[in-house]
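Please read them with the coordinates open.

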Amino acid sequence: MGWNSWNFFEGEINAQTLKEMGDAMVANGMRGAGYRYLIIDDYWVGGRDCHNKLYPDPQRFPDGIKPVADYLHLIGLKIGIYSDAATLTCGGVCGSYGFEELDAATFAEWGIDYLKYDYCNAPEDRETAVERYRTMGNALQHSGRDIVYSICEWGRRQPWLWAREVGGHLWRTTYDSRDAWSTQNLDSTISGGIIDIFDQQDTLAKYAGQGGWNDPDMLMTGLYGKGKSSSLNGLFTGCNYVEYVTQFAMWCMLSAPLIVNSDLRHLDNPILKLLTNPHLIAIDQDPLGQQCTTLSNDGTIQVLQKELSAERLAICVINRSNRPAEYNIPLSQILPKVKKKPVFSVWTEMEFECSSLKGMLDSHGCELYILQK
Ligand code: GLA
């Protein structure tokens, strides 16, 4: 759980902003809710010095990365950084290819806790990708520091089949998310909105679990069109609150990494309450580590179920359509032979006995329940 600089700041991320983001995460209760990582994405690199050691952009990180890491550690947070398995990153600054051992040692020396390793400007084939990711995975292991290894080749080469083996702890399953419900009716080169990305996770449930997670990209939650890449420079004006709630709920059902992108210094109250909702976070972080599966989907109402520890089930009902819709799901459809049961509603925080889950959902809205199996 954490925050990443990419969609909101792109190349404008700097030391001061990172510290402010850390302070905000502590002050607004996100740290208390479990968020820890502040991840610097692309464009932090200034170059390599005469010993080939990476150094950050001197304007934006005048004292280097280590003081930022020290500061974040001091306030109980962790720091992540970004590189690429080629000589240039997606943004065109130095990547780590050929310098993996040195870069991993440098990251360890700075106190880095997380590396997002991208795959722009690298050969297409899977064999090379596996080899390049393994080289960095080994280098991180030799670095003497525990560094979470986030593999970002966008699901192109089925990383769920090999990422764990090369030391990966999470792997992107798709291209970058856009700040829209769906981009399906647009140019096919534009990657997906939140429901498009969600739909691509359906077959991947069995690969997620403790120690290795499917990563359906970062949370658009709260961006409201203010992101750069996520809005494709103004093409998308953002989702509405209901859609952000549903993205957050879906990502929790997926046991996905919860990486916020919005400016933490200016989160409005409803978004902050959502991001720190203890029931949702408990669903995401449940120790069983299961990813949800689809129980039913008639094109309008989709029902997801996720097994939780202590013999419980989380049920999420989503209205996929563009208009409000009713649902009525007999409990026997979820738990055969069960007629009536106490059910906990996550939104109202109330428990009630019922024989079916029913209600009305806004367009793209969702409802969440927890029940004993
Ligand atoms: C790729 C990644 C993004 C981001 C950018 C940075 O597109 O998928 O998440 O890291 O590169 O350039």
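1. Is N121 buried or exposed? N121 counts as exposed, at 54% relative accessibility; here buried means under 20% relative accessible area, exposed over 50%, and partly exposed in between, with a 1.4 Å probe and protein chains only. The residue is found in the loop between β6 and α6. Helices (H or I, at least four residues) and strands (E, at least two) are DSSP runs, numbered from the N terminus.

2. This is a predicted model, in which local features need pLDDT of at least 70 and side-chain atom pairs count only at pLDDT 80 or more, while totals for chains, interfaces and linings use all residues. Residues are numbered from 1 along each chain as its sequence is written, and side-chain values use heavy atoms, with hydrogens and water left out.

3. Around N121, the residues touched are A86, L88, T89 and C90, not counting residues up to four places away in sequence; contact means heavy atoms within 4.5 Å. The N121 side chain reaches the backbone oxygen of T89 at 2.9 Å and the backbone oxygen of L88 at 3.0 Å. Such a polar contact is a pair of N or O atoms within 3.5 Å; within protein, one must be able to donate a hydrogen and the other to accept it, and residues adjacent in sequence count only if both atoms are side-chain atoms.

4. The whole structure holds one disulfide, defined as a pair of cysteine sulfur atoms within 2.5 Å. C90 and C120 form this link, with their sulfur atoms 2.0 Å apart. The link is right-handed, with 95° about the S-S bond. The pair joins distant parts of the chain, 30 residues apart: C90 lies in the loop between β5 and α5, and C120 in the loop between β6 (114–118) and α6 (126–142). C90 is partly exposed, with a relative accessible area of 38%.

5. Two other cysteines deserve a remark. C292 is in no disulfide, and the nearest cysteine sulfur, that of C316, is 7.7 Å away. C292 counts as buried at 4% relative accessibility. The sulfur of C354 is 16 Å from the closest cysteine sulfur, in C316, which is too far for a bond. C354 is also buried, with a relative accessible area of 9%.

6. Helix α4 (residues 66–74) has V68, A69 and L72 buried. These residues lie on the same side of α4 because they cover an arc of only 100° around the axis, the arc being that of the directions from the helix axis to the C-beta atoms. The buried residues of α4 pack against α2 (15–27), β2 (37–39), β5 (78–84) and α5 (100–110). G76 follows α4 and has a positive phi, near 80°.

7. Six strands make an open sheet in the order β11-β12-β13-β18-β15-β16, with antiparallel pairing; two strands pair if DSSP finds at least two bridges between them. β11 (293–297) and β16 (350–354) are the edge strands, each pairing on one side only. The twist averages 30° from one strand to the next. Helix α8 (residues 241–253) packs on the sheet, touching β12 (301–308), β13 and β18, and its direction makes about 145° with that of β13. Axes are lines fitted to C-alpha atoms, for helices over the stretch in contact, and angles run from 0 to 180 degrees between N-to-C directions.

8. Within that sheet, β13 (residues 312–319) and β18 (residues 366–372) run antiparallel and are joined by seven bridges. A314 stands opposite I370 in β18.
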